[in-house]
Amino acid sequence: MRVVILFGSELGTSELVAGVIADELSAHDVSVFDMMDFDPGDLDVSDFHIVVCSTAGDGELPTGAEPFFDILDADACDLTGLRFALFGLGDTIYGDAFNKGGEIAAEKLAERGAIQVGEHARHDFSSEVKPQDLAREWVQTLPIPALATS
């Protein structure tokens, strides 16, 4: 099973986290893509997807993820059978907007029939935990049977 990591970023932290996750999974067939450069029509239900998404503004998708989800919505892509895990980035100082970008991404994928698996990671920039450290721990918890045996 191929693992496709998609990141949507505002300032680059999602790209950093995506790279750390890819490194953790380096023994497997892993591809990393900026959502700005990935066509939702290329999503393949036979792949496992990891979405890394920051939060922008007052709890919106980051600029780097907006075109991907606009196309996903406009084309009404059927993602039935697609499995994904989500790593969100945010800061609790923004109250109710904390990690909303990741939540929006998960909701939009689920609306199209995709199934979220594993714990939805929510990194808090106000914590002392570095996002790459949380990513290393989190990726080890993902319930991807093909990864455990390959």
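**Note on the predicted model: strands, cores, cysteines and salt bridges**

1. Strands β1 and β3 run parallel and are paired through six bridges; two strands count as paired if DSSP finds at least two bridges between them. Helices (H or I, at least four residues) and strands (E, at least two) are DSSP runs, numbered from the N terminus. Ile5 has Ile50 as its bridge partner in β3.

2. This is a predicted model, in which local features need pLDDT of at least 70, side-chain atom pairs count only at pLDDT 80 or more, and totals for chains, interfaces and linings use all residues. Residues are numbered from 1 along each chain as its sequence is written, and side-chain values use heavy atoms, with hydrogens and water left out.

3. β1 also pairs with β2, in the parallel sense over five bridges. Together, β1, α1 and β2 form a right-handed β-α-β unit. Right-handed means that, with the strands pointing away from the viewer, the path from the first strand over the helix to the second runs clockwise.

4. Is β1 buried or exposed? Six of the six residues of β1 are buried, so the strand is largely enclosed by the rest of the structure. Buried means under 20% relative accessible area, exposed over 50%, and partly exposed in between (1.4 Å probe, protein chains only). In a regular strand the side chains alternate between the two faces of the sheet. In β1 both faces are covered, with Val3, Ile5 and Phe7 buried on one side and Val4, Leu6 and Gly8 buried on the other.

5. The largest nonpolar core has 22 residues, and those with the most contacts inside it include Ile5, Ile50, Val52 and Trp138. A nonpolar core is a set of buried Ala, Val, Leu, Ile, Met, Phe, Trp, Tyr and Cys residues joined through side-chain atoms within 4.5 Å. At least two residues of this core come from each of β1 (3-8), α1 (13-24), β3 (48-53), β4 (83-90) and α4 (131-139). The most come from α1, which gives five. A second, separate core of 21 residues includes Val4, Leu6, Leu72 and Leu82.

6. Val52 touches, among others, Ile5, Phe7, Val17, Ile21, Met35 and Phe87, not counting residues up to four places away in sequence. Contact means heavy atoms within 4.5 Å.

7. A search of the whole structure finds zero disulfides, a disulfide being a pair of cysteine sulfur atoms within 2.5 Å.

8. Seven salt bridges are found in the whole structure; each is a side-chain nitrogen of Lys or Arg within 4 Å of a carboxyl oxygen of Asp or Glu. Asp47 and Arg2 form one, with the closest N and O atoms 3.1 Å apart. This pair links distant parts of the chain, 45 residues apart: Asp47 lies in the loop between β2 (30-34) and β3, and Arg2 in the segment before β1. Asp47 is buried at 7%, whereas Arg2 is partly exposed at 26%.

9. Glu103 bridges to Lys100 (3.4 Å, N to O) and to Arg122 (3.5 Å, N to O). Lys100 and Glu103 both sit in helix α3 (residues 100-111), three residues apart, about one turn of the helix. Arg122 is in strand β6 (residues 121-124), 19 residues from Glu103.
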